[in-house]
Amino acid sequence: MLRVDEDSLTLHLEVSLATAEPALVTDIRCGDAAVRRRAVAQLARHLAVRLRCYDILADEPAARTGTLPLFPDA
């Protein structure tokens, strides 16, 4: 697995979130747990669909080091 460039990922997520329906974002703060879970699931689906459109590649030095963990600082 290649490590994703954080700046590229941030930009793609920002664009994806900006194009999400406003109700999805506001429903995440809803007091009803079912509405909140549904909004999170729909927003995650929206991000996944939007990110399918992008080619996000690792920079060359990181790609040469082999497999890198998804969350290296965790």
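**View 1. Ala 20 and its contacts.** Leaving aside residues up to four places away in sequence, Ala 20 touches Leu 43 and His 46. Contact here means heavy atoms within 4.5 Å. Ala 20 sits in the loop between α1 and α2. Is Ala 20 buried or exposed? Ala 20 is buried, because its relative accessible area is 9%. Buried means under 20% relative accessible area, exposed over 50%, and partly exposed in between, with a 1.4 Å probe and protein chains only. In sequence, Ala 20 and His 46 are 26 residues apart. In space, their C-alpha atoms are 7.0 Å apart.

This is a predicted model, in which local features need pLDDT of at least 70, side-chain atom pairs count only at pLDDT 80 or more, and totals for chains, interfaces and linings use all residues. Residues are numbered from 1 along each chain as its sequence is written, and side-chain values use heavy atoms, with hydrogens and water left out.

**View 2. Helix α1 against helix α3.** Helix α1 covers residues 6-18. Helices are DSSP runs (H or I) of at least four residues, strands are E runs of at least two, and both are numbered from the N terminus. The axes of α1 and α3 come within 9 Å and cross at roughly 125°. That angle makes α1 oblique to α3. Angles under 35 degrees count as roughly parallel, over 145 as roughly antiparallel, 65 to 115 as roughly perpendicular, and the rest as oblique. Which residues of α1 meet α3? They are His 12, Leu 13, Val 15, Ser 16 and Leu 17. Their partners in α3 are Leu 43, His 46, Leu 47, Arg 50 and Leu 51.

**View 3. Val 25 in helix α2.** Val 25 lies in helix α2, residues 22-27. Val 25 is partly exposed, because its relative accessible area is 41%. Val 40 is 15 residues away along the chain. The C-alpha atoms of Val 25 and Val 40 are separated by 8.3 Å.

**View 4. The whole chain and its confidence.** Buried residues make up 15% of its 74 residues. The average pLDDT is 76, and 66% of the residues score at least 70. pLDDT is the predictor's confidence in each residue, from 0 to 100. Which element has the highest mean pLDDT? Helix α3, residues 33-51, has the highest, at 89. Helix α4, residues 60-64, has the lowest, at 52.

How values were computed
Axes are lines fitted to C-alpha atoms, for helices over the stretch in contact, and angles run from 0 to 180 degrees between N-to-C directions.
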